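Trainee: Could you take me through the side-chain contacts of this model, with the cut-offs used?

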Amino acid sequence: IGAVTAPLTGPAGPIVGGLVGAHVGSLYSFSNMKEKGEIEHNTTSEDERNNLQAPRPAGMLLAVEVHDPAEEDRALDVLRRTGAHHIERAEGHIDHGDWTDFNPLAPPQLVH
């Protein structure tokens with residue numbers, strides 16, 4: 001539209017046409033977004049269908065408190081050598097051997 005009206009509007013026509021097109025396109029894409037928990041119909045997984053993040057898998061949890069990157073590297077090396085998998089990085093407070101503010105529902109931040 002902006003290019004067609006360029007003889008009448010000058011260089012502002014294509015610019016305004018591009019801005020209007022971008023705005024209309026963004027409105028269309030926002031109308032297709034799903035809210036958390038809104039059902040998605042064309043998926044196979046129950047979690048995807050309910051628009052939820054998959055929970056942390058069940059199993060044994062071992063927390064290692066480190067104070068600097070060198071300690072973290074050593075801890076990761078020991079964990080990997082002993083067969084650990086699904087290693088995550090998290091922050092929290094360990095008090096008398098208990099991780100007092102652990103949230104099992106928080107999304108995992110996997111270490112690669």
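Predicted model: local features only at pLDDT ≥ 70, side-chain atom pairs only at ≥ 80, totals over all residues.

Trainee: How are the planes of the aromatic pair arranged: stacked, edge-to-face or tilted?

Mentor: The structure holds 1 aromatic pair. Rings of Phe, Tyr and Trp (its six-membered ring) pair if their centres lie within 6.5 Å; planes under 30 degrees apart are stacked, over 60 edge-to-face, the rest tilted. The centres of Trp99 and Phe102 are 4.8 Å apart and their planes are at 45 degrees, so the pair is tilted.

Trainee: Is Arg81 buried or exposed?

Mentor: Buried means under 20% relative accessible area, exposed over 50%, and partly exposed in between (1.4 Å probe, protein chains only). Arg81 has a relative accessible area of 60%, so the class is exposed.

Trainee: Which residue meets Glu72 in a salt bridge?

Mentor: A salt bridge needs a side-chain nitrogen of Lys or Arg within 4 Å of a carboxyl oxygen of Asp or Glu. The count comes to 2. For Glu72, the N to O distance is 2.4 Å, and the partner is Arg89.

Trainee: How many residues apart are Asp77 and Arg81?

Mentor: Asp77 also forms a salt bridge with Arg81, at 3.1 Å between the closest N and O atoms. Both lie in helix α4 (a DSSP run of H or I, at least four residues), about one helical turn apart, because their separation is 4 residues.

Note on methods: Residues numbered from 1 in each chain as written. Heavy atoms only, no water. Helix = DSSP H or I, 4+ residues; strand = E, 2+ residues; numbered from the N terminus.
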